Amino acid sequence: MEGIVTASITPERPSTAEGQRGRPLIVTEDEELLDDLLRLCAAAGAEPEVAHGVLTRRGSWESAPLILVGDDSAARLCDRARREGVLLIGRDLDDHGIWQRAVALGADNVAFLPDAETWLVDRIADVAEGVGRQALTIGVIGGRGGAGASTLACALAVTAARSGRRTMLIDGDPLGGGLDVLLGGEGAQGLRWPAFAESRGRVAGSALEESLPELHSLRVLSWDRGDSVVIPASAMRAVLAAARRRGGVVVVDLPRRVDDAAAEALAQIDLGLLVVPAELRAVAAAHRVASTVGMVLRDLRAVVRGPCGPELGDEEIADLLGLPLAGQLPPEPGLADAFEGGEPPGGSPRGPLGRFCAEFWARALADEGGVTA
């Protein structure tokens, strides 16, 4: 962050309002500052409570998940009970007295406008969305073309949704043909990637979720059937961050070529799965993909797609790639027929693909959000 736009007054501490939706409280008699703060709340999708220098509603100081105090009102609020989530808002970077007023108030941070507007919108939007634990985010990448990464990505999402978890599937590969097709929902109503191509700032997680097609109890962000659209890195960053703030799980189907948008996606992924057919040429191709992806993603693991022969087993393939083994994906006869019949990948919990995904999620979600080996 360039320059001084915010500064922390107190040590980092968990907010008592974490995960709680609510109306932020604005306390100021400065009409110009109030107009600015109302504008920022509107940009964050929040409807604030406003106190013109005096708290008129009993309990508003204690119950508001976030309090924005204008510097003009700081002195008369110093006798209020100390609590988390209080921000002191000023304009003059050269006013050194604001630090003493912030300490007396017990503020977490001092934010100077207009420099801190983006940061402040993010804080307000977190309150509006009730942000709690972020989604566990899994990226799936093919070691070569036709490795089955898109099929696995769909199956992981379908399996997670079937277990009752909030699930979002994001198609990060513009040349993959569209995950909505694999799920049998190419005609489903909802937005596709071109609608988000110009996203630059924060995207509201709830608005994103509600705008996407719902297929098999999960939300899907895919491509339309029109001309290819380049997704800027800023749009990928904004969309994926919004998806993660909704909690649950997010599955991202990634391209093998790491461009700027793919690098942004990789930066937000908790665990990557590299799908590698059990063939020597596929292993050679996957090694190049792993070398590139591994420069951005710390936790990358191999999924070996069988059948494996006696001379090239799953553990040998993982060793050749220098990656931990996430498991062997056995062949599933009749997968194409099931797709023609309207069943998505992983639609049968008793099939090899469904069982693999269920076992994967059981391990990955063992500690409710962490990723276990």
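Colleague: Let's start with a side chain. Is Arg101 buried, partly exposed or exposed?

Modeller: Bear in mind that this is a predicted model. Buried would need under 20% relative accessible area and exposed over 50%. Arg101 has a relative accessible area of 25%, so the class is partly exposed.

Colleague: And which residue does Arg101 form a salt bridge with?

Modeller: The cut-off for a salt bridge is 4 Å between the side-chain nitrogen and the carboxyl oxygen. The closest N and O atoms here are 2.5 Å apart.

Colleague: How many salt bridges does the structure hold?

Modeller: Another one of them pairs Arg246 with Glu209, with the closest N and O atoms 2.8 Å apart. Between domain 1 and domain 2, though, the count is zero. For the structure, the number is 16.

Colleague: Okay, domains. How far apart are the centres of domain 1 and domain 2?

Modeller: The assignment puts domain 1 at 25-129 and domain 2 at 136-369. Taking the centres over C-alpha atoms, the separation is 41 Å.

Colleague: So how much area do domain 1 and domain 2 bury between them?

Modeller: On the contact side, four residues of domain 1 meet six residues of domain 2. Carbon and sulfur atoms account for 32% of the buried area. The area itself is about 380 Å².

Colleague: Which residues of domain 1 lose the most area to domain 2?

Modeller: Three of them together make up 87% of what that side buries. By class, the side of domain 1 touching domain 2 has one nonpolar, no polar and three charged residues. The ones losing the most are Asp122, Asp126 and Glu129.

Colleague: Last topic, cysteines. Which cysteine has the sulfur closest to that of Cys154?

Modeller: Cys154 itself is buried, at 0% relative accessibility. A disulfide needs the sulfur atoms within 2.5 Å. The closest cysteine sulfur is 10 Å away, so that is too far for a bond. It belongs to Cys357.

Colleague: How many disulfides does the rule count, then?

Modeller: A disulfide is a covalent bond between the sulfur atoms of two cysteines. Cys154 doesn't get there, its closest cysteine sulfur being 10 Å off. The count comes to zero.

Notes
Residues numbered from 1 in each chain as written. Predicted model: local features only at pLDDT ≥ 70, side-chain atom pairs only at ≥ 80, totals over all residues. Heavy atoms only, no water. Domains from an automatic or database assignment. Contact = heavy atoms within 4.5 Å. Buried area = accessible area lost by both parts, 1.4 Å probe. Nonpolar A, V, L, I, M, F, W, Y, C, P; charged D, E, K, R; others polar. Buried < 20%, exposed > 50% of the residue type's maximum accessible area, 1.4 Å probe, protein only.
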